[in-house]
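Please view the sequence and the 3D structure before reading on.

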Amino acid sequence: MLNLIRNEWMKLWHKKATWVMVALLIAMIIGLVAITKWIDRNTETPAWEQTVSEELTIVKQQLATPGIDEETKKSLEEQQMLLQYRLDEGIAPLASNSLEGFIMDSYGMSSIITLLTVIVAAGIVASEFSQGTIKMLLARPVQRWKILTSKFLTVVAFALFLTVVAYVVSLVMGLIFYEASGGGLLEVVNGQVTEVSYWLKSIWLNVLALGDVIIIASFAFAIGTVFRSSSLAIGIAIFLMFTGSQFAFFLKNYEIVKYILFSHTFTQMETGGSFIEGMSTPFSVAVLVAYFIFFLAISYWTFTKRDVTA
Amino acid sequence: MKPIVELKNLSKTIGKKKIIDQLNLTLYPGQITGFLGPNGAGKTTTIRMMVGLMKPTTGDVIIDGLSLQSNFEAGISKMGAIVENPEMYKFMSGYKNLVHFARMHKNVTKERIDEVIRQVGMEKRIHEKVSTYSLGMRQRLGLAQALLNKPKFLILDEPTNGLDPAGIREFRTYLRKIAEEDGVSVLVSSHLLSEIELMCDRIAVIQNGKLVAIREVNETEESQYYIEAQPVDKARHILIEKGISVEDYQNGLLISVEQADIPTVVEQLVQQNILIYTVSHHRKTLEEQFLEMTGGGQIVESNSK
């Protein structure tokens, strides 16, 4: 199996497109820094104490409104605790134009990483068919499921590689262009406010983002394997990636929205950005895993059963 | 002799059409078998089933005693193949392609890769990208990848396509060598009948998914001689009177007699004032045999009585 993955990895890096993708990713991060620096050049940021106390007032007002449900109340109370703690202890929030803030936001590159990984995932099986090399590949003493597994693991490795590259480049850019703000990251754990490491948090967010990338990649992988056309797979996957969440938003008043892939992401569970009410983290994980298994199952089924006539 | 490859009642149905119908074929070590058939006869489908690209509807392929249905990896590991054009990864060098395929087999060393490169005569260009290769060079590379695992059984589909005359000759000699020295069994599918005739020990012909005939290439079915004589009609009349079977062929006659009888026949014709221009031993070309076997030969056979 290791040899098969080495083969796929070798083929991947012998394609110019792969190098272009990595270059593009790095260029994007550098460009992003340049643009934000340029926009920020004249903006005066108010003292953090002022912003925090303003936020605190708003939270208090919201808490005072009658008839809020238990869940909202709980999260508002937590927010109140955090903001109060900052003022009491003098711990600034992480500003986005600081080193820590920039590293924390590095997982935001995951949409670009998804795009690039989808291109690889869609083509890794389909291109063997379009080049005709599939005959050479399958007429070997290796069972088909092993070949498909090596291909999927290569896609995962590629996504991981891009995530690491993005993180490292962000770190380097952050160190060059930003200064440490000295702020801290706070969280409520068991009713207690605690300071958490932004390093760990940023890595965890990147891991979750990688999970999201792999889910979408498995979708592109399945389409590429079933239809043996990489352009179709790239097209559908990217189209759904951009329209999927809007599609889910349209259906937000219906029960079915809970079972749509695009209503869920791993990162959302951590950052709490979902617009759909009443979805617990275990439920979201279950839905994502179910889709993942489904995509892989149809890939394996078609790849191992179908006659090769290309 | 123990067979290397056995096709047992191999059938393939796609939709409602029977592409291959109860095909049985046995291949022995050291033998080069030509695999012939008109377009659409099912050659490629059969080959695809033999290399595991297609699953038979019924029946099985046995390679060196191992069934591909139940023991795929072990069975295929005894085999090397080129299926249709040798499509390689064009964006990599020939060498990297070989490394790639070598990793998919067990026990193919770096030395073996170098050995194979030497055998197919690719030392000079092996580190260049495949996209710069000519068709002939791709054929050589295709053969190289098929030989990596020292197969006991080699399937070659149109192997000389794109090779120059010297290359074809070299290729033929090489096949003969591995068949004789290493006891490799080779199945060659080709449309070039003259090529098959020079290369193969025996031919298997399929038509409409069925095995029509299997025969040795140099088998002398009956000895035939070609006689060009004038006047033809008189000569034919004399020969038929002698009880010899006669057949019109080109400008003369084909007669079925033993070599020992030739002087007598000639003497008799001369005595009757027949002018003889040519007497030669006649062997049917593979092309004629092929057309005969596949039913395209009715015109050839129509005057045979």
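## Basis of the model

The model is predicted: local features need pLDDT of at least 70, side-chain atom pairs count only at pLDDT 80 or more, and totals for chains, interfaces and linings use all residues. Residues are numbered from 1 along each chain as its sequence is written, while chains are lettered from A and ligands numbered from 1 in the order in which they are written.

## Chain B overall

Chain B contains 11 helices and 14 strands. Helices (H or I, at least four residues) and strands (E, at least two) are DSSP runs numbered from the N terminus. The C-alpha trace of chain B spans about 75 × 45 × 35 Å along its principal axes.

Chain B has 305 residues, of which 38% count as buried. Buried means that 20 or more other C-beta atoms, placed from the backbone, lie within 10 Å of the residue's own. Among contacts in chain B with a separation of 6 or more, 68% join residues 24 or more positions apart; a contact requires C-beta atoms, placed from the backbone, within 7 Å.

## A four-stranded sheet in chain B

Four strands of chain B form an open sheet in the order β2-β1-β4-β5, with antiparallel pairing. Strands count as paired if DSSP finds at least two bridges between them. At the edges are β2 (17-27) and β5 (66-67) of chain B, each pairing on one side only. Two antiparallel bridges link β4 (residues 58-63) of chain B to β5(B), and I62(B) has S67(B) as its bridge partner in β5(B).

Helix α1 (residues 43-50) of chain B lies across β1 (5-14), β2 and β4 of chain B, at about 60° to β2(B). Such angles run from 0 to 180 degrees between N-to-C directions, with axes fitted to C-alpha atoms, for helices over the stretch in contact.

## Annotated spans in chain A

An unreviewed UniProt entry annotates "transmembrane region" at several spans of chain A, including 107-131 and 152-178. UniProt positions are given in the numbering used here, feature names are shortened, and annotations may be inferred rather than shown by experiment.

In the model, residues 107-131 of chain A are 88% helix and 0% strand, with end C-alpha atoms 35 Å apart. For residues 152-178 of chain A, the figures are 96% helix, 0% strand and 38 Å.

## Nonpolar cores

A nonpolar core is a set of buried Ala, Val, Leu, Ile, Met, Phe, Trp, Tyr and Cys residues joined through C-beta atoms within 7 Å. The largest has 119 residues, and A122(A), A217(A) and A220(A) touch the most other members. Helix α9 (residues 198-227) of chain A gives this core its largest share, 13 residues. A second, separate core of eight residues includes Y225(B), I227(B), V246(B) and L269(B).

Technical notes
Contact = placed C-beta atoms within 7 Å. Buried ≥ 20, exposed ≤ 12 C-beta atoms within 10 Å, placed from the backbone.
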